[in-house]
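Have a look at the model, then read on.

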Amino acid sequence: MTKEVSRRKFLKYMGATALTAGSLGTTSKVWGQAKPIPKDPIKIAAVSFLTGAAAAPFGIPGDNTYKMCADMINKEGGILGRKIDLQSKDEAGGVDAQVKLCRKLILEDKVDVVLGYISSASCLAVLPLSDELGGLIIAYDCGTHELMEGAKSPFDIPKFKLGFRSKAHLGIDNIALALYIKKYYPNIKKVAGINQDYAWGRDSWLIFETAMKKLMPQVQVVKTLWPPLGNTDFTAHISALMGSEPDIVHSSLWGGDAVTFSKQALGMGFFKKIRMAYSRGEPYPQEVGKDYPEGQIICCAGTHYFLHTPKDKTSADLQKTFVTEYHKRYGKYPSYPCYHAYQAIYAYKHAVEKASNAAGGGWPTIEAISKALTGLSFPTPSGILTIREDHNGYEDCLVGVSKLTPKYPFPILDKTEVFPAAQVNPPVGTKTVDWINSWK
Amino acid sequence: MGLKNKPNYLRWIVYLILFIALLFIPRILSIHDLMLFEYGLTFAIVGLGFNLLLGYTGLLSFGHGAYFAAGAYSVAMIAKYLPQAYSIEIVIPAALFFSLILSIIFGFVCVRHTKIFFSILALSLSMLLFALLFKLYHITGGSDGLRVPLPTMFGFSFKGIRRPEFLSGTYYYFLLAMFAISFVVMKGIVSSPFGKALQAIRDNEVRAELIGIRVRRYRLYAFCISGMFVGLGGALWTFVNGHVTADLSHWVFSGEIVYMTLLGGFGIFEGPIVGAMIFTYLKLYAMGHTEYWMFVIGATLIVLVLLLPSGVAGAFSTLWRRTIKGN
């Protein structure tokens with residue numbers, strides 16, 4: 001199954017890239033002189049949190065996916081015949097440790113590409129190293145919208161020549177939530193927010209609040225709470241939220257915080273009157289199980305949901321294989337970080353193949369791979385992913401409401417709605433907040 | 001007297017030879033190793049400052065990340081908010097100034113206590129700064145931190161130059177000069193009557209007070225000097241790293257400063273320098289080779305405490321003395 005899909009995809013790409021290259025007619029000049037394909041394996045470093053709070057919800061699933069994808073690619077013959085030598089690295093140890101590690105990976109270990117980073121701080125510190133050291137870096141899971149944006153709109157793109165992010169930023173989650181609320185709950189009067197007191201929580205709320213003000217100006221914000229990261233007791237926050245009687249509470253809580261909040265709120269009868277809207281709630285119904293409350297609005301950080309069937313046939317086939325294979329290996333359904341990891345490693349694969357084809361064979365130069373990544377569009381288990389000229393991923397976004405069914409031991413998403421990429425991603429060169437403010 | 005001066009004289013010759021050798025480091029090391037070496041040098045300055053408190057005054061601070069952050073954020077904030085003043089000859093004095101101010105404020109509270117009380121107070125105050133850097137995120141960048149561009153240096157702009165080139169060229173020599181100055185100044189401080197007074201306080205507080213040393217005030221002086229050295233290290237480090245985050249003021253980071261000082265040996269003047277160098281390489285190579293790097297760091301600490309209580313430099317010095325005696 002896997003083999004068939006990938007061959008078809010490969011042939012399709014061969015055709016497409018050959019056509020593009022042919023029509024340009026300047027192959028060797030633009031795509032550089034490819035060298036003969038080396039015999040040794042491709043060194044890919046995958047950096048995710050393997051220790052600490054972000055390991056269990058994101059790092060380990062992400063790292064598992066890298067391993068699985070590398071095996072799948074190797075089984076099919078590798079990339080242009082070269083096998084992948086995957087090296088998993090830990091993202092813990094502080095930002096300075098990540099800067100040092102990335103320098104070591106590129107300069108000393110001479111890896112072909114660094115795929116990685118869950119924390120926005122790591123991404124912000126490490127991506128500039130791509131151009132400084134001349135190494136290719138693809139960020140795979142960090143959310144900050146500041147990563148590829150400049151200080152003012154319009155800003156110059158791309159920010160980094162050799163630095164990419166193979167996913168969209170946190171803007172899409174929060175904009176999609178606001179759009180979903182407007183469509184399904186048009187009569188609500190009050191909203192509130194509970195977000196962790198650091199950049200991630202603050203940014204998520206900023207975008208959600210800005211979008212809500214534009215989409216539903218009549219809705220009042222009654223409370224904004226900022227619990228610290230790693231909070232273990234949410235009872236005071238839950239009481240305060242219940243006291244202010246919002247209809248919907250926005251939250252970007254993640255990991256243990258999201259699970260703890262949900263469990264404590266359930267015990268206090270929170271969900272009888274109030275509905276949560278989680279910007280990245282997708283992994284937690286599966287984590288919590290049957291106790292996870294029904295009727296909660298959940299965004300999937302893209303269309304990364306194991307029951308989602310992409311419209312595109314190739315993607316739909318890939319999704320089937322991906323979910324089955326992941327479940328077989330790890331006993332769980334893939335969560336959104338898994339899809340992000342898939343996107344990063346396959347973005348590299350497709351770009352190498354595209355660049356090699358365009359140059360008329362051989363192993364492409366790093367500049368050619370970077371050029372191929374820009375504007376690359378390829379099928380993934382969650383649909384077609386495009387990497388835009390600003391080197392940022394461009395994705396649709398799926399939102400649904402949790403609902404228990406007899407088929408799964410945890411609530412799945414009901415009333416799902418996919419918001420097209422153009423509706424949730426700001427245009428190239430415009431800052432997210434400026435774009436939302438320009439909505440008519 | 002003459003006998004006593006002889007080894008000191010020799011010692012300075014060795015220092016000078018080592019300094020000259022360090023001048024040639026960029027020709028020997030690869031660009032990656034050189035950048036790592038620069039991390040080591042900045043932490044060596046930090047270690048020198050930290051050890052004035054631990055080794056010479058007998059105060060163990062678990063909050064020295066705060067002064068490191070003060071130095072680092074002085075640089076990053078000037079880069080962001082006063083870009084016209086972003087030159088190395090302005091940011092370094094600014095970093096020294098702000099770390100001095102911070103250490104006066106924090107030190108004033110801390111030096112009233114010793115032992116565990118001092119350590120915990122220093123830790124809490126540094127966490128206070130951490131909370132501020134973390135929460136005032138519109139100003140400080142919070143957990144995402146701030147990017148630090150290349151500064152101008154004595155009127156010379158490095159626009160269009162990549163950071164590795166900057167670090168392997170002029171900046172290395174600047175850093176080395178700063179390290180040499182710090183080294184000589186600190187050596188002067190610990191050998192001066194002031195330094196001896198600190199050691200007297202360390203060895204016996206009551207006796208020191210009885211012979212007329214104003215213990216609390218001397219501790220505060222030591223604290224401020226120490227804070228400034230650590231702040232200087234932090235400021236110099238920012239250019240090497242290129243990014244600062246609030247984590248620098250977190251007690252975990254302060255713990256790393258303690259760790260490297262213990263690793264080298266706090267009983268010897270050069271100990272923290274050796275420790276800073278080893279720790280820089282140890283952490284990176286442990287991280288680069290295994291997912292269980294924290295285990296490696298932890299195990300090393302246990303081995304260190306059990307087998308080499310006086311640190312690597314301490315062990316070498318003992319070995320050296322024994323060899324000479326044996327001969």
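1. First, a term: two residues are in contact if their C-beta atoms, placed from the backbone, lie within 7 Å. By that rule, 29 residues of domain 1 of chain A are in contact with 27 residues of domain 2 of chain A. On the domain 1 side of chain A that touches domain 2 of chain A, the residues split into 14 nonpolar, nine polar and six charged. Here Ala, Val, Leu, Ile, Met, Phe, Trp, Tyr, Cys and Pro count as nonpolar, Asp, Glu, Lys and Arg as charged, and the others, Gly among them, as polar.

2. Some housekeeping: this is a predicted model, where local features need pLDDT of at least 70, side-chain atom pairs count only at pLDDT 80 or more, and totals for chains, interfaces and linings use all residues. Residues are numbered from 1 along each chain as its sequence is written, while chains are lettered from A and ligands numbered from 1 in the order in which they are written.

3. Where do the domains of chain A run? Domain 1 covers 2–169 + 310–394, and domain 2 covers 171–306 + 396–437; the bounds come from an automatic or database domain assignment. The C-alpha centres of the two lie 28 Å apart.

4. Now helix H9 (residues 255–267) of chain A; helices are DSSP runs (H or I, at least four residues), numbered from the N terminus, and strands are E runs of at least two. Its buried residues (20 or more other C-beta atoms, placed from the backbone, within 10 Å of their own) include Phe261(A) and Ala265(A). They pack against helices H3, H8 and H10 and strand E9 of chain A. Just after H9(A), Gly269(A) has a positive phi of about 75 degrees.

Terms used
The expected span of a helix is 1.5 Å times one less than its number of residues. A residue is buried if 20 or more other C-beta atoms lie within 10 Å of its own, exposed if 12 or fewer, and partly exposed in between; C-beta atoms are placed from the backbone.
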